[in-house]
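The entries follow the order in which I went through them.

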Amino acid sequence: MTDAELMRAAAKAREMAYAPYSRFLVGAALLTKSGRVYTGCNIENAAYTPCNCAERTAFFKAVSEGEREFSALAVIGGRAGEAGEFTPPCGVCRQVIAEFCKKDFRILLGNETHFEAYTLDMLLPFSFTGENL
Ligand code: THU
């Protein structure tokens with residue numbers, strides 16, 4: 001699975017986004033070390049607080065299927081029909097990623113035309129993890 005293929009999987013997952021309130025559609029694709037891909041979309045709720053981001057949907061699907069080892073995550077988002085800026089994971093999602101992934105875990109952020117690779121350490125430096133407990 002190439003980075004470009006993982007980005008395409010995220011774009012496909014974005015088509016399933018349920019975001020009637022923000023109309024901000026996000027897709028994520030999570031690659032396991034064993035080569036499987038788990039996708040996710042954002043799922044909103046009229047009560048707002050229960051909204052779930054695409055990244056966490058992908059992680060929770062994977063972890064609930066027994067996966068624990070991950071090598072990369074691709075994320076694409078934006079308002080429907082608008083040329084997208086990159087959509088960096090929110091703080092809550094970064095914390096969830098840090099629960100399962102090391103500092104060098106790769107996070108691909110993209111839009112319709114290109115993507116760039118970051119590491120978890122770049123997006124969440126000086127993080128609080130199980131090693132602090
Ligand atoms: N959202 C994500 O799914 N992932 C992100 O990285 C940022 C935000 C969702 C949450 C909400 O449904 C919508 O985008 C607007 O914040």
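I began with the make-up of the shell around the ligand in this predicted model, and by class I found seven nonpolar, three polar and two charged residues there. I then listed the residues around the ligand, and they are Ser 22, Phe 24, Val 26, Asn 42, Glu 44, Cys 53, Ala 54, Glu 55, Thr 87, Pro 88, Pro 89 and Cys 90.

Next I looked up which atoms lie by the oxygen atoms of the ligand. For Glu 55, a polar side-chain atom lies 2.5 Å from a ligand oxygen, while for Asn 42 a polar side-chain atom lies 2.9 Å from an oxygen atom of the ligand. Ala 54 takes part through its backbone, with an N or O atom 2.9 Å from a ligand oxygen. I also noted that the protein covers 79% of the 370 Å² of accessible area that the ligand has on its own. Two elements give two or more residues to the shell, namely strand E1 (24–32) and helix H2 (54–64).

Cys 90, which I had already listed around the ligand, is in no disulfide, and the nearest cysteine sulfur, that of Cys 93, is 3.8 Å away, whereas a disulfide needs the two sulfur atoms within 2.5 Å. Cys 90 counts as partly exposed, at 29% relative accessibility.

My last entry is on Cys 101, which is also in no disulfide, the nearest cysteine sulfur being that of Cys 93 at 12 Å. Cys 101 is buried, with a relative accessible area of 9%.

Conventions: Residues numbered from 1 in each chain as written. Predicted model: local features only at pLDDT ≥ 70, side-chain atom pairs only at ≥ 80, totals over all residues. Heavy atoms only, no water. Buried < 20%, exposed > 50% of the residue type's maximum accessible area, 1.4 Å probe, protein only. Near = heavy atom within 4 Å. Polar contact = N/O pair within 3.5 Å; in protein donor to acceptor, adjacent residues only side chain to side chain. Areas by Shrake-Rupley, 256 points an atom, 1.4 Å probe, with all protein chains shown as cover. Helix = DSSP H or I, 4+ residues; strand = E, 2+ residues; numbered from the N terminus. Nonpolar A, V, L, I, M, F, W, Y, C, P; charged D, E, K, R; others polar.
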